[in-house]
Amino acid sequence: MRIFLWPVVALVGLLASGQSPADRKDWIQLFNGKSLDGWAPKITGYPLGENYADTFRVANGMLQASYDKYAKFEDKFGHLFYERQKFSHYIIAAEYRFIGDQVAGGPDWAIRNNGLMLHSQSPQSMGKDQDFPISVEVQLLGGLPNGKPRSTANMCSPGTQVFINGTMVKGHCLNSKSQTYAGDQWVRVEVEVRGGERLTHRVEGQTVLEYEKPTIGGGEVNKFDPALKVDGTLLTEGYIAIQGESHPTEFRKIELLNLSGCMDPKSPKFKSYYVHQGEGGCK
């Protein structure tokens with residue numbers, strides 16, 4: 001009987017709080033806290049699915065990018081793809097922290113550096129020796145011992161370009177206005193993605209960066225399939241990945257709120273926060 005009572009209890013709780021089912025936010029847990037189920041590693045120099053030196057793993061309920069089994073980094077840039085589906089309109093949230101020391105041979109710019117790759121090409125389409133996926137990177141950075149300001153939730157553009165107020169952003173990366181997060185403290189970053197229209201970065205609930213029209217173009221990607229890099233193509237959807245760039249990183253939560261779905265208020269599938277009519281409509 002208790003199994004059938006749970007939906008009733010949940011509904012009563014929603015009504016008591018004044019929140020309707022249409023307003024309840026249904027976050028999808030991309031990381032289940034137990035395994036890499038649904039995720040696939042792609043490490044430079046290795047085929048999709050080969051998790052060299054156990055780079056990506058789950059330990060103590062955390063998803064980790066780890067390097068304790070590496071002798072030297074040797075440009076083995078890694079990406080862990082959520083491969084179950086592409087997304088177009090959504091909010092992605094990650095709670096992360098940097099731990100330990102960078103592996104020997106890692107580049108200086110990659111100290112306390114990780115990232116969320118959004119609107120990415122599929123993991124299957126990456127070349128064996130390709131270093132980064134064509135995507136928009138939400139760059140995650142930690143403070144350095146020198147004490148200088150170092151923002152997080154920046155934007156970097158491997159094989160892509162973005163715009164602000166109709167003007168293309170020059171350079172590979174664009175800094176946010178976030179504060180510096182030093183040490184091993186947990187940080188929550190959220191990115192609201194509106195297809196090919198706009199991306200908004202938030203850190204601990206504060207908006208720190210906004211830009212528009214993610215488009216294929218530019219450089220900073222090597223050994224890719226030229227047929228996939230059609231410069232000027234607007235990116236309206238894609239895959240999600242996290243990085244492994246040589247500094248140990250932990251994620252305790254990676255979750256997604258899909259903003260694409262049934263937009264008909266008369267349908268039981270309607271959600272008040274949807275901004276885009278999803279495929280399949282309200283069937």
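The structure is a predicted model, in which local features need pLDDT of at least 70 and side-chain atom pairs count only at pLDDT 80 or more, while totals for chains, interfaces and linings use all residues. Residues are numbered from 1 along each chain as its sequence is written, and side-chain values use heavy atoms, with hydrogens and water left out.

Two disulfides are present in the structure. In general terms, a disulfide is a covalent bond between the sulfur atoms of two cysteines. One of the two joins C156 and C173, with the sulfur atoms 2.0 Å apart. This pair links distant parts of the chain, since C156 is in strand β9 (residues 154-156) and C173 is in strand β12, 17 residues apart. Strands (E, at least two residues) and helices (H or I, at least four residues) are DSSP runs, numbered from the N terminus. The torsion about the S-S bond of C156 and C173 is about 105 degrees, and the disulfide is therefore right-handed. C156 is buried at 1% relative accessibility, whereas C173 is partly exposed at 35%. Buried means under 20% relative accessible area, exposed means over 50%, and partly exposed lies in between (1.4 Å probe, protein chains only).

A disulfide also joins C262 to C282, with an S to S distance of 1.9 Å. Distant parts of the chain are linked by this pair: C262 is in the loop between β18 (260-261) and β19 (276-277), and C282 is in the segment after β19, 20 residues apart. The link of C262 and C282 is right-handed, with 95 degrees about the S-S bond. C262 has a relative accessible area of 3% and is buried, while C282, at 29%, is partly exposed.

Strands β9 and β12, which hold C156 and C173, also belong to an open sheet of seven strands with the order β2-β5-β16-β7-β8-β9-β12 and antiparallel pairing. The edge strands of the sheet are β2 (39-43) and β12 (173-174), each of which pairs on one side only. Two strands are taken to pair if DSSP finds at least two bridges between them. Strands of a sheet pair through backbone hydrogen bonds, either parallel or antiparallel. Within this sheet, strand β7 (residues 113-120) and strand β8 (residues 136-141) pair in the antiparallel sense over six bridges. The bridge partner of L116 in β8 is V138.

Strand β7 also contains S120, which is buried at 3% relative accessibility. Residues up to four places away in sequence aside, S120 touches F81, P133, I134, S135, G238 and Y239, where contact means heavy atoms within 4.5 Å.

A search of the whole structure finds 13 aromatic pairs. Rings of Phe, Tyr and Trp (its six-membered ring) pair if their centres lie within 6.5 Å; planes under 30 degrees apart count as stacked, over 60 as edge-to-face and the rest as tilted. Among these pairs is the edge-to-face pair of Y52 and Y70, at 5.1 Å centre to centre and 90 degrees between the planes. Y52 lies in the loop between β2 and β3 (56-59) and Y70 in the loop between β4 and β5, so the pair ties together parts that are 18 residues apart in sequence. Y52 is partly exposed at 24% relative accessibility, whereas Y70 is buried at 8%. The pair of F73 and F77 is edge-to-face because the ring centres are 5.2 Å apart and the planes stand at 80 degrees. Both F73 and F77 are buried.

A charge sits over a ring if NZ of Lys or CZ of Arg is within 6 Å of the ring centre and within 35 degrees of the ring normal. R188 lies over the face of W27, at 5.7 Å from the ring centre.

D75, which is not a glycine, has a positive phi of about 60 degrees. D75 is placed in the loop between β4 (62-65) and β5 (78-87) and is partly exposed at 48% relative accessibility. S246, likewise a residue other than glycine, has a positive phi near 110 degrees. S246 lies in the loop between β16 (238-244) and β17 (249-258) and is buried, with a relative accessible area of 0%.

Methods. Disulfide = S-S within 2.5 Å.
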